[in-house]
Amino acid sequence: MRFRRVKSSIALVVIRLSALIMVGAGVLIFIYLTVKGSGVISWPFLTEPPRQGMTSGGIFPAIFGTLCLMLLTLTFALPVGVASAIYFAEYTGRGRSHLNILMRYATSILAGVPSIVYGLLGLSLFVLYMRFGFSLLSASLTLSILSLPVIIAASEEALRSVPDSYREAAVALGATKWQMVRYAVLPYAVPGIITSCILALSRAAGETAPILLTGAAYYHPRLPTSIFDQFMALPFHIFALATQSVDPVKTRPIQFGAVLTLIMLVLGMNMVAILIRIRQRRMAQG
Amino acid sequence: MSSEYKIEIRNLQVGFGKLMVIKNLNINIMSNCVTAVMGPSGCGKSTLIRTINRLNDLVPECHVKGQVLLDGRDIYDPSMDVVELRRRVGMVFQKPNPFPKSIYENIAFGPRIHGIAGGNSLDEIVERSLRAAALWDEVKDRLDAPALSLSGGQQQRLCIARALAVQPEVILLDEPCSALDPAATAKIESLMVSLKKDYTVIVVTHNMQQAARVSDFTAFLYLGELVEYGETRRVFENPSSKLTEDFITGRFG
């Protein structure tokens, strides 16, 4: 009897420690980066281009490039992702059809493909075959493909969580299938879909390998003026500073500043997603 | 084909996968009457009324055999426009299921999807439907309030009003009071009686008193078969089947 209780308390200690390690690692990384990077971040740092072989100046082109990249990725991935999610959630027999099962496997396999593979796909398909060159367009298309499985899976989840009673109510009133989806299901899945897109994007924001192969430039202080331009991006800029610096002593602080900026950007996007979710919950309660 | 029957069901068989829920059922529903469908849980009551607006089509493994005639026309005929059928045969569900929108928008949903744009005529439809569902006086000052802020009974009357807004001919009610308290139930019941003036009403219930109070005709279903059907008073006072009698006297159910 006693032994049983001891085992129970040991189990609690172990799982509690595991949880602490996870949280602790996150907090430590964040504190370390804040200490190292916050001194560097200033208005000029965020708004000026790099200077003197990237050993001084700011990181504005990289921030701008990453933002453009996110916006374009969203433009490509959102419609396609949501449309496929609607198809799988509403049109393929509610999860029992062979097509749906096949799709589910395909989605999880795609989600597990290493990002460098997406990079190579983007290089051969968009950069070379479709002749978009090393460009914002190629890179954002590549990131869209990378984000799609996540967006589809999460949007499908959001659609399925809309109660069936809404569907029945709409259909019983004489709504066509599309009217049902458009007016009785989609509106209530939108917050979930937006949240999923933001989370997928915030992952894509940190990807380095795919954009390295499709359009991100090592040094390109001029801002991109069209989707066919090369661009700088935060993750690749960090990679470049960390591995190919001409003067590590001078670039190290810039590197920390850039890392902190990227983290803040991603955290900010996550915060927006959380806020949307909270707001929706409040609205749903009337 | 007799014209006094709004709905004629012939040799109906409905199954889900291998499970047969309705086995060879024949019934004629009178126009402008309240018909109650009674029976113990799982006897096929809901399945039966969901065949009348083809809502069972939403269930992939559901299969239907036989004929369901609405005004003499088979609704399972391939030429039948299911969307138009569902406009003509409205439905109210067991649990009130208003959309999480305003009261006004809930009523306007049906007219809008059927192409009534808005403005005065929509306002009129909303008022007329809410009046017909005996809800107007309670909500006329707060049409923009969320439907979910209403009480359960009010929500159910809102759902009835929403169904009325597309001007149906038949109204199916699937245990409309099972989630409501006695006071709200009384309101829905008197509403059902008043609705038969303009509509053919079919109500599924497992509450015998309710069937006795509101209906003109009562059908008793047991294990997917129609055991008894006739004028409500006759069915209750002088049931022809032992099963019906046992059910009415509360020996099972």
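Helices (H or I, at least four residues) and strands (E, at least two) are DSSP runs, numbered from the N terminus. This is a predicted model, in which local features need pLDDT of at least 70 and side-chain atom pairs count only at pLDDT 80 or more, while totals for chains, interfaces and linings use all residues. Residues are numbered from 1 along each chain as its sequence is written, and chains are lettered from A in the order in which they are written.

**Helix packing in chain B**
- Helix 3 (residues 103-113) of chain B packs against helix 4 (residues 120-132) of chain B at an angle of about 110°, with the axes 9 Å apart; axes are lines fitted to C-alpha atoms over the stretch in contact, and angles run from 0 to 180 degrees between N-to-C directions.
- That angle makes the two helices of chain B roughly perpendicular (65 to 115 degrees).
- B:Tyr104, B:Ile107, B:Ala108 and B:Pro111 of helix 3 meet B:Leu122, B:Ile125, B:Val126, B:Ser129 and B:Leu130 of helix 4; residues are in contact if their C-beta atoms, placed from the backbone, lie within 7 Å.
- By class, this contact of helix 3 with helix 4 has eight nonpolar residues, one polar and no charged (Ala, Val, Leu, Ile, Met, Phe, Trp, Tyr, Cys and Pro count as nonpolar, Asp, Glu, Lys and Arg as charged, the others, Gly among them, as polar).

**Contact between the chains**
- Chain B places 24 residues in contact with 19 residues of chain A.
- Helix 2 of chain B gives the most to the side of chain B that touches chain A, with four residues.

**Confidence in chain A**
- Chain A averages a pLDDT of 89 (the predictor's confidence in each residue, from 0 to 100).

Definitions and conventions. Angles under 35 degrees count as roughly parallel, over 145 as roughly antiparallel, 65 to 115 as roughly perpendicular and the rest as oblique. Two residues are in contact if their C-beta atoms, placed from the backbone, lie within 7 Å.
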